Amino acid sequence: MLSVPLRDREHKNIGVFQALNSLQGGFDKHDIDLAILLCDYISSSLENSLLTNKIIESKTKLIYKLSVAAEFKDEDTSLHTKRVSYYSAIIGRAYGLSDEDVEMLMLLAPMHDIGKIGISDALLHKPEKLSDEEFEEIRKHTLIGYNLLYDEDDEILQQAALIARDHHERWDGNGYPGGVSGEDISINGRIVAIADVFDALTSKRAYKKAWEMDDAFQLLKENSGTHFDPKLVELFLANLDKVEQVYWSYHD
């Protein structure tokens, strides 16, 4: 049997390569040299893979912490972001997104309001009705979030940026910031729009009581095809048991 250790750049053992038998009946110097060369390649590939996993894990934690930071600027709680993530996953899975895309959607959905970091606390927490000028200022959080997150070299951040930009667009084109309509709105933006509005309606705020779920479901029906993608509303309403399970599991 031939055994060769797998070592990282700091010469720490990260595994072992073993060959049990040789066709010639034994391992000669050529076999050993070839095994060492192969193990150098395996060690490098394995170390790069471990490093990539660490980077992905760190990026996931960073995205979550950024979404929590946005909550400090608003009345939303961490339970709000959890519910929006799970509601979005319900819709995405029913729509036919891959498991990987659903997982990514769950990770990125809490970033939808990250742009509120750039809006003044006084405006976000103003108890009185906002003026037209103040409402326009609030609307800027979509583009602030997009510009904050977008990275041309990072597909994950690109998807997060689209959610931040698109979650206030409307199916009929009367939303903001771009006034785009229908399938020109990113699919994740259309999904999060439903999840976010439903959770906002069914959550208590300083300025309003929480709606009953049936009333919120009715509003989604009434705004299907105008505010919301009608197909996605249909899928959301077809999974009420899962929606209610999320609601009661992560209720404030």
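Trainee: Which residues of the largest nonpolar core touch the most other members?

Mentor: Please note that this is a predicted model, in which local features need pLDDT of at least 70, side-chain atom pairs count only at pLDDT 80 or more, and totals for chains, interfaces and linings use all residues. Residues are numbered from 1 along each chain as its sequence is written, and side-chain values use heavy atoms, with hydrogens and water left out. A nonpolar core is a set of buried Ala, Val, Leu, Ile, Met, Phe, Trp, Tyr and Cys residues joined through side-chain atoms within 4.5 Å. Buried means under 20% relative accessible area, exposed means over 50%, and partly exposed lies in between, with a 1.4 Å probe and protein chains only. Here the largest core has 37 residues, and Tyr87, Ile194, Phe198 and Phe236 are the ones that touch the most other members. Two or more core residues come from each of helix H2 (78-95), helix H3 (99-108), helix H6 (141-149), helix H7 (155-166), H8, H9, H10 and helix H11 (240-249).

Trainee: Which element gives the most to this core?

Mentor: That is H8, which supplies six residues. Helices (H or I, at least four residues) and strands (E, at least two) are DSSP runs, numbered from the N terminus. The protein chain holds eleven helices and two strands, and its order along the sequence is β-β-α-α-α-α-α-α-α-α-α-α-α. Of its 252 residues, 38% count as buried.

Trainee: With which residues is Tyr87 in contact, leaving aside neighbours within four places in sequence?

Mentor: Contact means heavy atoms within 4.5 Å. By that rule, Tyr87 meets Ala195, Phe198, Asp199, Phe236, Val243, Val246 and Tyr247, once neighbours within four places in sequence are set aside. Tyr247 belongs to helix H11 and counts as buried at 8% relative accessibility. Although Tyr247 and Tyr87 are 160 residues apart along the chain, their C-alpha atoms are separated by 8.9 Å. Besides Tyr87, Tyr247 touches Thr202 and Met213, not counting residues up to four places away in sequence. For the whole protein chain, among contacts between residues at least 6 apart in sequence, 57% join residues at least 24 apart.

Trainee: How many salt bridges does the count come to?

Mentor: A salt bridge is a side-chain nitrogen of Lys or Arg within 4 Å of a carboxyl oxygen of Asp or Glu. The count comes to eight. One of them joins Arg190 and Asp229, with 3.0 Å from N to O. Arg190 lies in helix H8 (residues 187-201) and Asp229 in the loop between helix H9 (213-222) and helix H10 (230-237), so the pair ties together parts that are 39 residues apart in sequence. Both Arg190 and Asp229 are buried. Another bridge links Lys116 to Asp113, with the closest N and O atoms 3.4 Å apart, and these two residues are likewise buried.

Trainee: Where does His141 lie?

Mentor: His141 lies in helix H6 and counts as buried at 2% relative accessibility. A polar atom of its side chain lies 2.7 Å from the backbone oxygen of Ile138. Leaving aside neighbours within four places in sequence, the contacts of His141 include Asp113 and Lys116, along with His112, His167, His168 and Tyr176.

Definitions and conventions. Polar contact = N/O pair within 3.5 Å; in protein donor to acceptor, adjacent residues only side chain to side chain.
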